[in-house]
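Here is a short note to read beside the model. Take the points in order and find each residue as you go.

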Amino acid sequence: MTRGFFISFEGGEGAGKSTQIRRLGERLTARGLQVVLTREPGGSEGAEAIRDLALNGSVDRWSPLTESLLMYAARRDHIERRIQPALDQSQVVLCDRFADSTRAYQGAGGGVSTDFIDALEANIVQDCVPDLTLIFDMPVEEGLRRAASRGDYEARFESKGLEFHQRLRDGFLKIAADQPDRCLVINAAAGDVETVSALVWAAVEPRLPRHG
Ligand SMILES: Nc1ncnc2c1ncn2[C@@H]1O[C@H](COP(=O)(O)OP(=O)(O)O)[C@@H](O)[C@H]1O
Ligand SMILES: [Mg+2]
């Protein structure tokens, strides 16, 4: 591999992203690849500090527009300090949420204009676009049930109500439809952790760059 390989995990709360990213990381490591597991918002020291601001507090602590700016400030730091350096060293970067989450949460969910999100994405992400994005899709009620049963959930977004989460789901599916070369929808309600893990592997394995 010359440049590494960048995979983002996207989708609503409780869809199984964090569970599956760990499993994929183990599988790729077992193949001898150097894997970086990271997440957004966060993933670098500065971005984790912004994460604490963005995800905690009352539901209306930030407007969706302010949130977009916080997320993109965090994203820029994460790209500069963690993602791009790892890709430059031919590592596989697995990121639990990335730019599509801003488009879905603050855009489709929060009503921030597509033009504004497009401009942020073009200027901040630049060419650090994932090679592959897995969009974990499942009925909203089931995802929220799973997230609540997990206990440590990110309360600011999970308390926004069913309609918000439905717009979120639709937003992610629109991204997948608009960018079919990059995005694959994973049926996150297909079955148990093993079943979904097999779907993830079937999506990733054939797309990995070949060695040598
Ligand atoms: N395929 C699955 N079937 C049932 N429960 C699952 C499955 N995958 C994950 N879970 C459980 O659902 C909850 C949410 O999973 P998690 O990976 O944290 O989701 P996310 O990171 O997308 O919010 C966790 O308690 C996890 O153990
Ligand atoms: Mg998670």
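1. First, some terms. Ala, Val, Leu, Ile, Met, Phe, Trp, Tyr, Cys and Pro count as nonpolar; Asp, Glu, Lys and Arg count as charged; the others, Gly among them, count as polar. By these classes, the lining of the largest cavity has seven nonpolar, four polar and three charged residues.

2. This is a predicted model, where local features need pLDDT of at least 70. Residues are numbered from 1 along each chain as its sequence is written.

3. A cavity is a set of points on a 1 Å grid over the protein atoms alone, where a 1.4 Å probe fits but cannot get out; lining residues have an atom within 4 Å of a point. The count is one cavity of 30 Å³ or more. The largest cavity holds about 140 Å³, a volume being the space filled by probe spheres set on the points. Among its 14 lining residues, Gly12, Glu13, Met138, Val140 and Arg169 are the closest to its centre.

4. Helices (H or I, at least four residues) and strands (E, at least two) are DSSP runs, numbered from the N terminus. Helix H8 gives the most to this lining, with four residues. Strand S4 (132–137) and helix H6 (140–150) also give two or more.

5. Two strands pair if DSSP finds at least two bridges between them. S4 pairs in the parallel sense with S1 (residues 5–11) over five bridges. Glycine 11 stands opposite phenylalanine 136.

Note on methods
Chains are lettered from A and ligands numbered from 1 in the order in which they are written. This is a predicted model: local features need pLDDT of at least 70, side-chain atom pairs count only at pLDDT 80 or more; totals for chains, interfaces and linings use all residues. Side-chain values use heavy atoms; hydrogens and water are left out. On a 1 Å grid over the protein atoms alone, a cavity is a set of points where a 1.4 Å probe fits but cannot get out, and a pocket is an open set with protein on both sides within 12 Å along at least five of seven lines; lining residues have an atom within 4 Å of a point.
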